[in-house]
Amino acid sequence: MSNMPVITAVMIAFCITSLTGLWLVPLLRRIKYGQTILEIGPKWHKSKQGTPTMGGIMFVAGISVAVLCGFYMLKMSTGGALYSHSPLDDTRILLGFVMALCYGGVGFVDDYLKVVKKQNEGLSVRQKFIVMFFIGALFLTGLYLAGDTSTIVRIPFLGQLNLGLLYYPLALLGIVFIVNVANLTDGIDGLCTSVTLISALGFMVLSSILRMEGMGMVSGALAGGCLGFLLWNFYPAKVFMGDTGSLFLGGLVVAIAFGLDMPVFLIFMGIIYIIEGLSVVLQVSWFKYTRKITGQGKRLFKMSPIHHHFEMSGFSETKIVVMFSVVQAVACALAAAAALQI
């Protein structure tokens with residue numbers, strides 16, 4: 001089987017995403033779908049007030065068309081034993097992509113409430129988590145009903161571990177965690193887009209190593225969509241992805257990891273997401289602890305998520321994006337090295 005579905009997915013996603021910006025960005029600006037910089041946010045970002053948001057629609061559209069076209073090419077292709085392909089692979093692709101779209105839908109509702117209805121907080125934390133856990137549970141249930149009943153996980157460099165029934169609650173917690181911390185990563189121009197692009201390229205390598213061209217095709221679509229959006233989102237950003245985009249990206253990264261049957265590898269493939277999320281957890285926890293002990297809360301970082309700490313330390317947005325992207329690339333290389341041992 002050739003790599004044409006993968007290459008096609010990359011090109012379609014890139015072209016549709018980048019070209020969609022030619023009409024969507026002016027439209028968002030014209031109808032005043034602009035970003036509101038909250039008072040609790042970095043004050044130096046006030047200059048970005050009004051920058052069009054909900055731009056994630058661009059790559060959601062591009063990646064969706066690319067995946068559909070790539071999936072059709074996979075179904076139409078015949079012969080060849082270079083890559084494995086089975087009905088379960090098809091189910092993983094479709095269920096995973098539907099999950100990502102659902103998470104993007106949650107983000108869209110949140111953005112809509114913030115931008116159109118002027119409800120600054122959007123959906124409540126409780127509402128978000130209830131819906132997110134429900135979506136994740138449906139995804140895992142769908143995989144189980146399709147025959148993906150294994151509870152064995154691959155631990156990078158260590159081997160395999162059978163989690164038994166514990167697999168499902170841990171998997172659900174992992175899905176919701178990664179999707180949420182992907183959202184936290186979207187805090188400066190081009191950051192979430194860039195690190196997700198690196199992850200997508202890493203997933204393409206893993207798919208090739210494991211000979212799973214279906215997931216390679218989805219990874220290629222993700223890479224093409226991120227690259228096309230980066231043309232509009234790199235500093236100084238002409239458009240932000242909004243929760244519509246960040247939750248979709250987090251959902252798709254999770255879907256690919258599960259599609260490759262390598263959910264634990266998200267430790268590598270989503271390392272920047274995880275660092276961003278843990279920085280918030282550590283900041284809040286340390287502040288509460290020190291306030292309880294001393295009566296005055298102290299902070300570990302100048303501001304969290306951690307990319308704001310680097311901003312306050314004098315790093316430019318572009319330098320932070322490059323630094324974080326390098327870390328993500330190293331983590332992806334480690335994941336590839338671990339996959340070669342399987």
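Student: Is threonine 151 buried or exposed?

Tutor: This is a predicted model, in which local features need pLDDT of at least 70 and side-chain atom pairs count only at pLDDT 80 or more, while totals for chains, interfaces and linings use all residues. Residues are numbered from 1 along each chain as its sequence is written, and side-chain values use heavy atoms, with hydrogens and water left out. A residue is buried under 20% relative accessible area, exposed over 50% and partly exposed in between (1.4 Å probe, protein chains only). Threonine 151 has a relative accessible area of 14%, so the answer is buried.

Student: Where does threonine 151 lie?

Tutor: Helices (H or I, at least four residues) and strands (E, at least two) are DSSP runs, numbered from the N terminus. Threonine 151 falls in the loop that lies between helix H4 (125–145) and strand E1 (152–155). Contact means heavy atoms within 4.5 Å, and beyond four places in sequence threonine 151 has contacts that include Leu161, Asn162 and Tyr168. The place asked for is therefore the loop between H4 and E1.

Student: With which side chain does the side chain of threonine 244 make a polar contact?

Tutor: Threonine 244 belongs to helix H8 (residues 242–259) and is buried, because its relative accessible area is 4%. A polar contact is a pair of N or O atoms within 3.5 Å; within protein, one must be able to donate a hydrogen and the other to accept it, and residues adjacent in sequence count only if both atoms are side-chain atoms. The side chain of threonine 244 reaches the backbone nitrogen of phenylalanine 108 at 3.4 Å. Its side-chain partner, at 2.7 Å, is aspartate 111.

Student: Is methionine 54 buried or exposed?

Tutor: Methionine 54 is found in the loop between helix H1 (4–30) and helix H2 (56–76), and it is among the residues that threonine 244 touches. Most residues other than glycine have a negative phi, and most peptide bonds are trans. Methionine 54, although not a glycine, has a positive phi of about 70°. Its relative accessibility is 1%, so methionine 54 counts as buried.

Student: How does aspartate 261 count at 23% relative accessibility?

Tutor: Aspartate 261 lies in the loop between H8 and H9. Its phi is positive, about 60°, although the residue is not a glycine. Because its relative accessibility is 23%, aspartate 261 counts as partly exposed.

Student: How far apart in space are valine 264 and alanine 171, C-alpha to C-alpha?

Tutor: Valine 264 is placed in the loop between H8 and helix H9 (266–269). Beyond four places in sequence, valine 264 touches Val153, Arg154, Ile155 and Pro156. Valine 264 and alanine 171 are 93 residues apart in sequence, while their C-alpha atoms are separated in space by 9.1 Å.

Student: What relative accessible area does glycine 228 have?

Tutor: Glycine 228 is in helix H7 (residues 213–233). Leaving aside neighbours within four places in sequence, glycine 228 is in contact with Phe14, Thr17 and Ser18. Glycine 228 is buried because its relative accessible area is 0%.

Student: How do H6 and H10 lie to each other?

Tutor: Axes are lines fitted to C-alpha atoms, for helices over the stretch in contact, and angles run from 0 to 180 degrees between N-to-C directions. Angles under 35 degrees count as roughly parallel, over 145 as roughly antiparallel, 65 to 115 as roughly perpendicular and the rest as oblique. The axes of helix H6 (residues 191–210) and helix H10 (residues 271–294) come within 9 Å and cross at roughly 140°. H6 and H10 are therefore oblique.

Student: What distance separates the end C-alpha atoms of helix H12?

Tutor: The expected span of a helix is 1.5 Å times one less than its number of residues. Helix H12 (residues 317–339) has 23 residues, so it should span 33 Å. The end C-alpha atoms of H12 agree with this, being apart by 33 Å.

Student: What is the omega of the peptide bond from serine 304 to proline 305?

Tutor: Proline 305 is found in the loop between H10 and H11. The peptide bond from tyrosine 235 to proline 236 is cis, with omega near -10°. The bond from serine 304 to proline 305 is also cis, with omega near 0°.
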